[in-house]
Amino acid sequence: MAVRLTGRPAGRAGRWPGSPAEVLLDGGTPVMVKRGDGPGAVRAEVAGLRWLAAAGAVRVPAVLGHDEHWMVSERVPTGSPDPAAALRFGQSLAALHTAGAPHFGAPPPDGPRDAYIGRAPMRNEPGTDWPAWYAEHRVLPYVRGAVDRGTLLPGEADVFERVCARLPELAGPAEPPARLHGDLWNGNVLWGADGEVRVIDPAAHGGHRETDLAMLQLFGCPHLDRVLAGYQEAAPLADGWRDRVAVHQLFPLLVHAMLFGRGYGEQALTAARRALAR
């Protein structure tokens with residue numbers, strides 16, 4: 001696969017079988033080979049990586065080749081998380097967000113409207129009003145999916161509907177569409193051996209910049225205080241952003257509830273009730 005997509009002969013496979021897998025090209029160059037989880041997944045990921053790279057801010061692994069089902073990318077040697085790297089990462093993340101998007105829900109150029117976040121479908125529909133767009137395309141579809149899968153009870157959907165009804169007052173000051181990574185949990189942050197951070201596996205789209213930061217906080221990130229300090233230095237967040245974290249965490253928590261079960265459904269309910277308590 002790596003040979004066909006890069007045009008270079010392969011030496012040997014590393015962690016194989018499976019996806020992603022490490023392969024050594026002839027000459028010893030290591031690359032990662034990954035299979036898409038669904039129709040259009042590779043196209044969405046490649047377009048997302050290139051859109052993030054085009055901002056000249058956060059680093060991403062280079063895409064070396066792809067087709068409809070497989071992608072070959074640069075392998076990034078990893079090291080230990082470092083406070084100085086975390087500060088630079090926060091500054092770069094602010095620059096990425098500031099690069100902007102045409103509208104909320106904008107897919108990357110050449111990316112499909114029907115994309116993915118992890119293995120869950122994620123539809124990129126355009127919107128100009130963030131609270132209405134977030135409710136319609138990033139909260140309620142996943143509430144319905146979690147109810148259908150039994151990880152939320154039908155009566156519990158009301159809690160999220162009440163949050164959505166109050167989003168105009170809970171959302172804080174209006175923000176322009178930001179260029180989001182879209183799935184920024186710690187597992188998608190690579191601490192490079194060269195002291196620089198790279199991000200992988202984006203669900204890139206135009207959204208609210210606080211959503212990326214809320215996801216980074218949700219699943220833990222080394223030296224998060226330095227990441228946030230760097231971000232605030234470069235592009236200070238609007239007053240009250242800490243009070244809005246629960247609102248922005250609804251999206252990833254509901255995705256996880258739909259994919260991984262009741263425990264995440266309960267976390268999503270806790271976040272929704274916290275938002276309503278404001």
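The dialogue below goes through some of the terms used for this predicted model and the values behind them.

Visitor: Why is helix H6 called roughly antiparallel to helix H7?

Guide: Helix H6, residues 209–218, and helix H7, residues 224–234, pack at an angle of about 165 degrees, with their axes 11 Å apart. Angles over 145 degrees count as roughly antiparallel, and therefore H6 is described as roughly antiparallel to H7. To complete the picture, H6 passes H7 in a left-handed crossing.

Visitor: Which residues make the contact between H6 and H7?

Guide: On the side of H6 they are Arg209, Leu213, Leu216 and Gln217, while H7 contributes Leu224, Val227, Leu228 and Tyr231. These residues divide into six nonpolar, one polar and one charged.

Visitor: What makes His223 partly exposed?

Guide: His223 lies in the loop between H6 and H7, and its relative accessibility is 29%. Buried means under 20% and exposed means over 50%, with partly exposed in between, so His223, at 29%, counts as partly exposed. The backbone of His223 also has a positive phi of about 55 degrees, although this residue is not a glycine.

Visitor: How do you know whether Asp110 is buried or exposed?

Guide: The relative accessible area of Asp110 is 68%, and the cut-off for exposed is over 50%, so Asp110 is exposed. Asp110 is found in the loop between helix H3 (83–99) and strand S6 (114–117), and its phi is near 70 degrees, a positive value in a residue other than glycine.

Visitor: Why is His256 called buried?

Guide: His256 has its place in helix H8, residues 245–260, and its relative accessibility is 16%. Because buried means under 20%, His256 counts as buried. Not counting residues up to four places away in sequence, His256 touches Phe219, Gly261 and Tyr264.

Visitor: What makes Ala268 buried?

Guide: Here the relative accessible area is 0%, and the cut-off for buried is under 20%, so Ala268 is buried. Ala268 sits in helix H9, residues 262–276, and, leaving out residues up to four places away in sequence, it touches Phe160, Leu250, Leu253 and Leu254.

Visitor: How do you know that strands S2 and S3 pair?

Guide: Two strands pair if there are at least two bridges between them, and strand S2 (residues 21–25) and strand S3 (residues 30–35) have four bridges, in the antiparallel sense. Glu22 stands opposite Met32 in S3. The hairpin of S2 and S3 has four residues between the strands, and Gly27 in this hairpin takes a positive phi near 100 degrees.

Visitor: What is the bridge partner of Met32 in S5?

Guide: In S5 that partner is Ser73.

Visitor: What makes S6 and S7 a pair?

Guide: S6 and strand S7, residues 120–123, have four bridges in the antiparallel sense, and at least two are needed for a pair. Ala115 has Met122 as its bridge partner in S7. In the hairpin of S6 and S7, with two residues between the strands, Gly118 takes a positive phi near 60 degrees.

How values were computed:
Residues numbered from 1 in each chain as written. Predicted model: local features only at pLDDT ≥ 70, side-chain atom pairs only at ≥ 80, totals over all residues. Heavy atoms only, no water. Axes fitted to C-alpha atoms, helices over the stretch in contact; angles between N-to-C directions. Parallel < 35°, antiparallel > 145°, perpendicular 65-115°, else oblique. Left-handed = near helix turned anticlockwise from the far one by under 90°. Contact = heavy atoms within 4.5 Å. Nonpolar A, V, L, I, M, F, W, Y, C, P; charged D, E, K, R; others polar. Buried < 20%, exposed > 50% of the residue type's maximum accessible area, 1.4 Å probe, protein only.
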